[in-house]
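Reader: Could you walk me through how to read helices and salt bridges in a model like this one?
Author: Gladly; here is the structure to look at together.

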Amino acid sequence: MGAIMGLRLKALREERDLTMDQVASDMNAKFNLNETDHPLNRSMISRWENDKNDPSLENAKYLSQYFDVSLDYLIGLTDKRTPSRLK
């Protein structure tokens, strides 16, 4: 998904003054990820922000919902943030 996604994730997180731990914890609670085999953690968020790994499509979808932006924005296909349930 590339460098743009990492930059945008970090910017979105910092705009909300959140730590990586807070994002992981909030997302685990919001999307019931603690009940799966793969809850999110700080290390995963860090790897995504630093372009060491890309999130799965499912996790990218959760990220776009959590930050209230379109998946297209998150992966760099558009500069329009959109959502708030499609304004």
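Predicted model: local features only at pLDDT ≥ 70, side-chain atom pairs only at ≥ 80, totals over all residues.

Author: Residues are numbered from 1 along each chain as its sequence is written, and side-chain values use heavy atoms, with hydrogens and water left out.

Reader: How many residues does helix H1 have, and what span does it reach?
Author: Helices here are DSSP runs (H or I, at least four residues), numbered from the N terminus. The expected span is 1.5 Å times one less than the number of residues. H1 covers residues 3-15, has 13 residues and reaches 18 Å from its first C-alpha to its last, close to the 18 Å expected.

Reader: Which residues of H1 are buried?
Author: Buried means under 20% relative accessible area, exposed over 50%, and partly exposed in between (1.4 Å probe, protein chains only). In H1 the buried residues are Met5, Gly6, Arg8, Leu9, Leu12 and Arg13. Down the axis of H1 they fall within an arc of 170 degrees (taken from the directions from the helix axis to the C-beta atoms), so they line one face of the helix. Their cover includes helices H2 (20-30), H3 (42-49), H4 and H5, where contact means heavy atoms within 4.5 Å.

Reader: And which residues are buried in H2?
Author: Met20, Val23, Ala24, Met27 and Asn28 are buried there. Their arc around the axis is only 125 degrees, which puts them on the same side of H2. H1, H3 and H4 are among what covers them.

Reader: How many salt bridges does the count come to?
Author: Side chains of opposite charge can pair when their charged atoms come close. The rule asks for a side-chain nitrogen of Lys or Arg within 4 Å of a carboxyl oxygen of Asp or Glu, and the count comes to four. One of them joins arginine 8 and aspartate 79 (2.5 Å, N to O). Arginine 8 lies in H1 and aspartate 79 in the segment after H5, so the pair ties together parts that are 71 residues apart in sequence.

Reader: Is arginine 8 buried or exposed?
Author: Arginine 8 is buried at 13% relative accessibility, whereas aspartate 79, at 65%, is exposed.

Reader: Which side chain meets arginine 13 in a salt bridge?
Author: That of glutamate 49, at 2.6 Å, N to O. This pair links H1 with H3, 36 residues apart. Arginine 13 is buried at 9%, and glutamate 49 is buried at 7%.

Note on methods: Helix = DSSP H or I, 4+ residues; strand = E, 2+ residues; numbered from the N terminus.
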